[in-house]
Amino acid sequence: EEEEEEEEGSESSSPPVFYQMKPPPEGCCTTDGFCQAGKDLRLVSISNEHIEVPSGFLLVGAKSPNLPDHLLVCAVDKRFLPDDNGRNALLGFSGNCVGCGKKGFCYFTEFSNHINLKLTTQPKKQKHLKYYLVRNAQGALTKGSVICWKG
């Protein structure tokens with residue numbers, strides 16, 4: 001756990017640096033479970049909606065510390081997600097908001113701010129992305145296998 005909170009590239013054993021998110025632009029939605037455009041991202045709310053997923057992207061569920069019983073639906077470039085052994089994920093991030101459709105988030109911190117994923121420390125990788133999301137036999141989006149983050 002100590003390793004997760006340590007900043008990237010830091011070789012000292014200094015205490016974790018607490019991360020201050022910039023306040024969202026005026027007029028943006030700041031409600032947990034909704035993106036800044038005010039669109040609901042909670043899996044329970046959008047499980048039956050048709051979600052446009054670009055080629056090379058996967059739908060994944062993010063866990064919000066403020067919404068322990070909910071997953072937030074995210075579209076993430078699968079190259080930045082690990083394989084089944086927790087390996088081979090490219091460094092970096094590429095994601096889209098499934099709520100408002102905003103595309104091209106290149107930093108997880110920027111993306112987490114947009115989806116109101118309120119983090120207390122600078123995230124190392126995107127370990128808040130917890131589950132792959134899949135469609136069940138009835139066509140509803142559901143929680144799939146755990147994303148295996150290693151190291």
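## N116, a buried loop residue

N116 counts as buried, at 5% relative accessibility (buried means under 20% relative accessible area, exposed over 50%, and partly exposed in between, with a 1.4 Å probe and protein chains only). N116 is placed in the loop between α3 (108-114) and β4 (129-135). Helices here are DSSP runs of H or I with at least four residues, strands are runs of E with at least two, and both are numbered from the N terminus. Although N116 is not a glycine, its phi is positive, at about 55 degrees.

Before going further, please keep in mind that this is a predicted model, where local features need pLDDT of at least 70, side-chain atom pairs count only at pLDDT 80 or more, and totals for chains, interfaces and linings use all residues. Residues are numbered from 1 along each chain as its sequence is written, and side-chain values use heavy atoms, with hydrogens and water left out.

## The loop between β2 and β3

N88 is another non-glycine residue with a positive phi, about 65 degrees. N88 lies in the loop between β2 and β3, and it counts as exposed because its relative accessibility is 67%.

S94 is found in the loop between β2 (67-77) and β3 (95-96) too. S94 is buried, since its relative accessible area is 17%. What does S94 contact, leaving aside its neighbours within four places in sequence? The partners are F57, A75, V76, D77, F80 and F105, where contact means heavy atoms within 4.5 Å.

## The chain as a whole

The protein chain has three helices and five strands, and from the N terminus on its elements follow the order α-α-β-β-β-α-β-β. Of its 151 residues, 38% count as buried. Among contacts with a separation of 6 or more, 52% are between residues 24 or more positions apart.

The accessible surface of the chain is about 8900 Å², and carbon and sulfur atoms account for 49% of that. These areas come from the Shrake-Rupley method with a 1.4 Å probe; for residues, only the protein chains shown count as cover.

## The sheet

Five strands form an open sheet in the order β3-β2-β1-β4-β5, with antiparallel pairing. Its edge strands are β3 and β5 (141-146), each of which pairs on one side only. Two strands pair if DSSP finds at least two bridges between them. In general, strands of a sheet pair through backbone hydrogen bonds, either parallel or antiparallel.

## The nonpolar core

The largest nonpolar core has 33 residues, and those with the most contacts inside it are L59, V60, V73, C74, L81, V98 and L129. Such a core is a set of buried Ala, Val, Leu, Ile, Met, Phe, Trp, Tyr and Cys residues joined through side-chain atoms within 4.5 Å. At least two residues of this core come from each of α2 (43-46), β1 (57-64), β2, α3 and β4, and β2 gives the most, with seven residues.

C74 is worth a look in the viewer. Not counting residues up to four places away in sequence, C74 touches L58, L59, V60, A62, V98, F111, I115 and L129.
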